[in-house]
Each structure stands twice: as structure tokens, then as C-alpha cells.
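Look at the chain below and follow its helices one at a time. The paragraphs after it go through a few places where side chains meet.

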Amino acid sequence: MKQHNPPHPGKLIARVFIEPLQLFKEDLANKLGVPLELLNQLMQAKLSVDEEWTDRLSKALGRSPESWLLMQQNYDSFNRS
């Protein structure tokens, strides 16, 4: 059985929050308290979500910190194999 490649949290942010809600990345970066370049790196899957990111993402986007961390762990596990 073929396993589904879980999305990187940054890709989910683009697909679920930025595009459909027509958010500006600059506004989200400000809400997260990070430079726009860091948000761009996260959205390009060049950065991993760690505990600091999970707290920021949870407060800004409403998912639990655990869900963001689990998403990153699932992405990492799938892409290591």
C-alpha cells in the first residue's frame, strides 16, 4: 500500500491559510513576531517547526502546538525513509 506524503507545516500554511483567506504574508509574519524571510523559509519547507514555532503558530492560526509539532514529525519521518 502506497503511503501518502504528509505536507510540511509551511506548505499547509500557504495552502490552508494564506491563499484561501487572502492573507498577506507580511501580516502573518508580524502576527507571528518573525521576519518575513523566516516565514518564507518555513513556507518553502526550508525550516522545521520546533517548539518556538509551534507556540507562535498556535496563537496566530488556532491549531494546537502539538498538532504543528506532530505535522512536522510526520513530514520528517516520511521524508527520511
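In this predicted model, helix 2 is followed by Gly 33, a residue with a positive phi, near 75°. The helix that ends there spans residues 25-32, and its buried residues are Leu 28, Ala 29 and Leu 32. These three cover an arc of only 100° around the axis, so they lie on the same side of helix 2. The general rule behind such a pattern is that an α-helix has 3.6 residues a turn, so residues three or four places apart point the same way. On the other side of helix 2 are Asn 30 and Lys 31, both exposed.

What do the buried residues of helix 2 pack against? Their partners are helix 1 (9-21), helix 3 (36-43) and helix 4 (51-61).

Helix 1 also meets helix 5, which covers residues 65-80. The axes of helix 1 and helix 5 come within 9 Å and cross at roughly 120°. Because of that angle, helix 1 counts as oblique to helix 5. On the helix 1 side, the residues that take part are Pro 9, Leu 12, Ile 13 and Phe 17. On the helix 5 side, they are Trp 68, Met 71 and Gln 72.

Now take the segment before helix 1, where His 8 is found. Is His 8 buried or exposed? Its relative accessible area is 2%; buried means under 20%, so His 8 is buried. Leaving aside neighbours within four places in sequence, His 8 is in contact with Leu 42, Ala 45, Leu 47, Ser 48, Met 71, Gln 72 and Tyr 75. The side chain of His 8 has a polar atom 2.8 Å from the backbone nitrogen of Gly 10.

How many salt bridges does the structure hold? There is one, and it joins Arg 56 to Glu 52, with the closest N and O atoms 2.9 Å apart. Arg 56 and Glu 52 are four residues apart in helix 4, so about one helical turn separates them. Arg 56 has a relative accessible area of 27% and is therefore partly exposed.

Technical notes:
Residues numbered from 1 in each chain as written. Predicted model: local features only at pLDDT ≥ 70, side-chain atom pairs only at ≥ 80, totals over all residues. Heavy atoms only, no water. Buried < 20%, exposed > 50% of the residue type's maximum accessible area, 1.4 Å probe, protein only. Helix = DSSP H or I, 4+ residues; strand = E, 2+ residues; numbered from the N terminus. Arc of directions from axis to C-beta. Contact = heavy atoms within 4.5 Å. Polar contact = N/O pair within 3.5 Å; in protein donor to acceptor, adjacent residues only side chain to side chain. Salt bridge = Lys/Arg side-chain N within 4 Å of Asp/Glu carboxyl O. Axes fitted to C-alpha atoms, helices over the stretch in contact; angles between N-to-C directions. Parallel < 35°, antiparallel > 145°, perpendicular 65-115°, else oblique.
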